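Please keep the structure open while reading.

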Amino acid sequence: MDPRAIRAKFGQDYVATERTFMMGIDQRFTAEMAERFRNRQVLETCTGGGFTTIALARVAAHVITVEIDQAHQAQARQNLATAGLLGRVTFVLADIMDEHTWDGLPPVDAAFLDPDWAATGPDHVHRFVPSSTRPPADALLERSFRATRNLALVLPPTLDIRELCTLPSHERQKLYMDQSHELYCLYFGDLAVSLGETELRV
Ligand SMILES: C[S@@+](CC[C@H](N)C(=O)[O-])C[C@H]1O[C@@H](n2cnc3c(N)ncnc32)[C@H](O)[C@@H]1O
């Protein structure tokens with residue numbers, strides 16, 4: 001990976017592979033998103049290269065972050081060390097869709113859910129139900145609601161938002177970089193600032 005690209009997207013000389021670089025959320029977005037988690041006990045799933053974890057760890061009381069891929073977790077651990085934030089994060093290597101994983105997690109005030117979009121080419125159509133993300137966004141959301149009502153869920157920009165109409169009331173934030181719509185983030189519970197559609201432009 002080109003270190004200049006990593007620095008531009010994430011802010012420091014972190015480690016990343018093509019995959020964790022692509023999946024990682026730009027620091028201009030994560031800094032804004034993380035503000036809603038200030039002083040909270042936060043569950044994050046999934047860790048990836050740890051780029052959202054870094055933003056959350058800067059403001060949260062503590063972050064517990066779950067990742068299924070050992071290599072991704074190793075990068076994240078190294079990146080949190082580079083950011084000087086290792087002590088503010090607990091790393092869990094597990095499948096978040098496994099009930100045993102939830103049995104081992106402490107109580108949390110809020111959760112940040114960023115499943116892998118698992119894109120399969122330009123013709124791939126992202127669906128919410130049945131979800132094509134890994135883990136499936138709909139099942140992950142439903143399971144996470146049992147831990148806390150205060151949830152943020154990141155979804156692809158190409159999603160047909162009519163598929164979200166059966167969800168509990170939420171804020172649907174459209175995140176733009178310049179004029180490009182990059183992703184959606186849905187906020188539930190007291191993470192929602194206002195219900196309905198909002199925008200974040202960086
Ligand atoms: C979109 S990336 C997260 C990126 C992260 N928010 C960042 O900004 O760096 C999604 C991650 O979910 C992980 N993942 C996929 N299925 C999972 C599961 N069942 N349990 C836990 N992690 C999972 C993938 O290995 C991948 O690292």
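A residue counts as buried if 20 or more other C-beta atoms lie within 10 Å of its own. The model is predicted, and that cut-off can be applied to strand β5 (151-155). Leu151, Leu153 and Leu155 on one side of β5 are buried, and so are Ala152 and Val154 on the other, so both faces of the strand are covered. Because five of the five residues of β5 are buried, the strand is largely enclosed by the rest of the structure.

The setting of β5 is an open sheet of eight strands with mixed pairing, in the order β3-β2-β1-β4-β5-β7-β6-β8. Its edge strands, β3 (89-93) and β8 (196-201), each pair on one side only. On average, neighbouring strands of this sheet are turned by 20° against each other, direction ignored. Strands of a sheet pair through backbone hydrogen bonds, in either the parallel or the antiparallel sense.

Which strands pair with β5? One is β4, which is parallel to β5 and pairs with it over three bridges; here Leu113 has Leu153 of β5 as its bridge partner. Another is β7 (residues 180-187), which runs antiparallel to β5 and is joined to it by four bridges. Leu153 also has a bridge partner in β7, namely Leu186, while Ala152 stands opposite Tyr187 of β7.

From β7 the sheet continues to β6, with seven bridges joining the two antiparallel strands. Tyr176 stands opposite His181 in β7. β6 and β7 form a hairpin with two residues between them, and Asp178 in the turn has a positive phi of about 55°. Strand β6 (residues 171-177) also pairs with β8, in the parallel sense and over six bridges. There Arg172 stands opposite Glu197 of β8.

Helix α7 (residues 137-145) lies across β4 (110-113) and β5, and runs at about 175° to β5. Helix α5 (residues 70-82) touches β2 and β3, and its direction makes about 170° with that of β3.

Two further helices pack against each other. The axes of α3 (residues 27-34) and α4 come within 9 Å and cross at roughly 35°, and the crossing is right-handed. On the α3 side the contact is made by Gln27, Thr30, Ala31 and Ala34, and on the α4 side by Phe51, Thr52, Ala55, Leu56, Arg58 and Val59. By class, this contact has six nonpolar, three polar and one charged residues.

Leaving aside residues up to four places away in sequence, Val59 touches Ala34, Glu35, Phe37 and Arg38. Val59 and Leu113 are 54 residues apart in sequence, and their C-alpha atoms are 17 Å apart in space.

The ligand remains. Of the 23 residues around the ligand, Gly24, Cys46, Gly48, Phe51 and Thr52 come nearest. The elements giving two or more residues to this shell are α4 (51-59) and β2 (62-67). Phe51 and Thr52 are also among the residues through which α4 contacts α3. The residues of the shell divide into 10 nonpolar, seven polar and six charged.

Methods: Residues numbered from 1 in each chain as written. Predicted model: local features only at pLDDT ≥ 70, side-chain atom pairs only at ≥ 80, totals over all residues. Near = placed C-beta within 6 Å. Nonpolar A, V, L, I, M, F, W, Y, C, P; charged D, E, K, R; others polar. Contact = placed C-beta atoms within 7 Å. Axes fitted to C-alpha atoms, helices over the stretch in contact; angles between N-to-C directions. Left-handed = near helix turned anticlockwise from the far one by under 90°. Pairing = 2+ DSSP bridges. Buried ≥ 20, exposed ≤ 12 C-beta atoms within 10 Å, placed from the backbone.
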